[in-house]
Each structure stands twice: as structure tokens, then as C-alpha cells.
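Here is a brief report on one chain.

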Amino acid sequence: MILEYPAVQAFGAGTLSWLSVSAGAALIFARKNFSRFLMDCLLGAAGGMMLAAASLGLLAPALSMTTHLGHLSFLPIVCGLALGAAFLLGLDKLLPHLHAMQGSVEGVDSRWRRSALLVAAMALHHIPEGLTIGVGYGAAAHPDAVQASLQSAINGADLATAILLTVSVMLQNLPEGLVVALALRAEGCTARQSFFWGAASGATAPLGALPGALAASLASGLLPIALAFAAGAMIYVVLEEVIPEANASGNGNAATIAAIGGICLVVLMECLFR
């Protein structure tokens with residue numbers, strides 16, 4: 001069946017991620033303003049979930065795949081993490097974007113309107129999420145003709161891991177969709193415009209999922225690096241954007257507690273899916 005192909009599964013999961021962004025943005029129709037304290041807590045929880053998903057769903061199986069390298073087992077993981085972070089840093093420097101809560105503009109100089117910069121920021125944010133989902137499904141559908149030394153380790157990167165990553169991304173996308181819609185509303189957009197562009201900002205998730213799945217399923221020797229790459233990109237987003245946003249208004253303690261709660265939620269899902 002066509003649904004058994006990892007690229008198809010990854011694209012479907014990426015589309016679900018996009019729908020979760022849209023669902024969050026749709027909350028703009030409920031009311032124009034939400035408590036900043038609540039938003040910071042939701043962002044903190046989202047950051048915790050992303051960190052836990054990157055650690056448990058990506059780095060843990062990647063580490064198990066490199067044990068045959070002995071003392072050099074760290075090398076593919078470190079390289080992948082660095083490449084993932086460098087990829088996001090490069091996009092950060094090239095693509096003009098505006099952080100929703102902080103109001104700071106980054107990237108090359110541009111005459112884009114603030115609303116366009118906001119959408120660009122969230123579109124950039126969802127690229128590593130799509131890559132992460134794609135790599136998860138690509139690893140889960142890894143060919144049986146893998147080196148014997150890797151086969152037992154790859155069992156750790158199974159379909160349950162891919163589902164864990166998908167659910168984690170979907171849950172943390174709900175508050176993010178609302179955040180960008182609220183920011184657009186504050187910039188003078190109508191509720192419909194805020195919803196439309198807030199939802200559109202998540203379109204990069206399924207687009208990022210496809211190359212992630214293809215890379216992970218086709219290059220068996222590079223699978224640990226691909227997993228670490230996706231983790232590095234996701235961790236970069238959390239540390240560079242999500243956590244600073246959650247701490248920008250003096251609600252850092254509450255956001256930190258919410259982040260720990262998000263980590264606990266992912267751990268719970270990891271146990272349930274296993």
C-alpha cells in the first residue's frame with residue numbers, strides 16, 4: 001500500500017502538524033486577547049515538549065546506533081547536532097523575520113511589513129519540526145538490508161518513536177498557532193486574516209517532512225547523523241526562540257515549571273507508546 005511508504009507517512013504527519021497550527025490559530029475567533037501569563041506558560045510547555053522529543057525520540061536512538069564505533073560513538077551525534085543548529089542559524093541570518101512576543105527583527109534588512117515578518121518567523125520555526133517528523137518516519141521504515149551491527153539499534157527508532165514525535169509536535173503547535181494569530185491581530189489584521197496567515201505559517205511542516213523522511217530512509221549509514229541533525233535543529237529553535245519568548249514578560253518561573261510539565265508529558269507518552 002502507498003501508505004506504507006515513509007515519505008507518505010511523513011507528509012501525512014507533517015500535514016497533521018500543520019492542522020494543529022491551524023487549530024491554534026482558529027482560537028483567535030474566540031477572543032481577541034489572551035492572558036500573557038497563560039501564553040508564556042503554554043510556550044514554556046511547548047519548549048519542554050520539544051526538548052524532550054528531541055532527546056528521547058531522536059538523540060537516544062541515534063546514540064544507540066553508534067555504539068559499534070566504540071570511543072568514537074559520539075562523533076556522528078556531535079556532527080549531526082552541529083549541522084542541524086548551523087542549518088537553522090543560516091536560515092535565521094538569511095530570512096527576515098520578527099519574533100512574535102519580543103518584537104525583535106532578525107535576518108537580512110527588509111522592507112517587509114511586520115505582519116509578513118511574523119509569518120516568516122513561524123514558517124522558519126516549523127521547518128525543523130517537519131524535518132524531525134520526517135526523519136522519525138524514515139528511520140521507522142528503515143530497510144531490512146541494513147548492516148547487522150545497526151539492525152538491533154534501529155529497532156529503537158520504530159514507529160512508536162515517530163508517532164511520539166508527531167504527537168509532541170502537534171501538541172506544542174497549538175499554542176504557537178495562537179501566538180502568531182494574536183500577534184497578527186495586534187498588528188491590525190482582522191480575525192480572518194490573522195487565522196489565515198497564522199495557519200499558512202505552518203505549511204512548511206509537511207514540506208520539511210519529505211526531505212527528512214527520504215534522507216533517513218535512503219542513507220542507512222547516515223541515519224544517526226540525520227537523527228542528530230533533526231534534534232539539533234529543534235533544540236536550536238527552543239533555545240533561540242521559544243524559551244526567550246516565554247521569558248520576555250517576567251513570567252520565567254511559571255514558564256520553566258510549564259516546561260518541566262511538558263517534558264513529563266512527553267515522558268508519559270513515551271511510556272504509553274512503548
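This is a predicted model: local features need pLDDT of at least 70, side-chain atom pairs count only at pLDDT 80 or more; totals for chains, interfaces and linings use all residues.

Helix α9 covers residues 223-246, 24 residues in total. A kink of about 35° is centred on Val238 in α9. The helix is mostly covered, with 18 of its 24 residues buried.

Thr132 sits in helix α4, residues 114-140. Its relative accessible area is 0%; the cut-off for buried is under 20%, so Thr132 is buried. The Thr132 side chain reaches the backbone oxygen of Pro128 at 2.7 Å. Beyond its neighbours within four places in sequence, Thr132 is in contact with Leu58, Leu165, Ala230 and Met234.

Now the aromatic rings. The whole structure holds 3 aromatic pairs. One of them joins Phe87 and Phe229, and this pair is tilted. Phe87 belongs to helix α3 (residues 74-94) and Phe229 to α9, so the pair links parts of the chain 142 residues apart. Phe87 is partly exposed at 33% relative accessibility. Phe229 is also partly exposed, at 23%. Phe196 and Trp197 form an edge-to-face pair, because their planes stand at 85°. Trp197 is partly exposed, with 43% relative accessibility.

| Pair | Centre to centre | Angle between planes | Class |
|---|---|---|---|
| Phe87 and Phe229 | 5.7 Å | 45° | tilted |
| Phe196 and Trp197 | 5.0 Å | 85° | edge-to-face |

How values were computed
Residues are numbered from 1 along each chain as its sequence is written. Side-chain values use heavy atoms; hydrogens and water are left out. Helices (H or I, at least four residues) and strands (E, at least two) are DSSP runs, numbered from the N terminus. The expected span of a helix is 1.5 Å times one less than its number of residues. The bend at a residue is the angle between axes fitted to the seven residues ending there and the seven starting there. Buried means under 20% relative accessible area, exposed over 50%, partly exposed in between (1.4 Å probe, protein chains only). A polar contact is a pair of N or O atoms within 3.5 Å; within protein, one must be able to donate a hydrogen and the other to accept it, and residues adjacent in sequence count only if both atoms are side-chain atoms. Contact means heavy atoms within 4.5 Å. Rings of Phe, Tyr and Trp (its six-membered ring) pair if their centres lie within 6.5 Å; planes under 30 degrees apart count as stacked, over 60 as edge-to-face and the rest as tilted.
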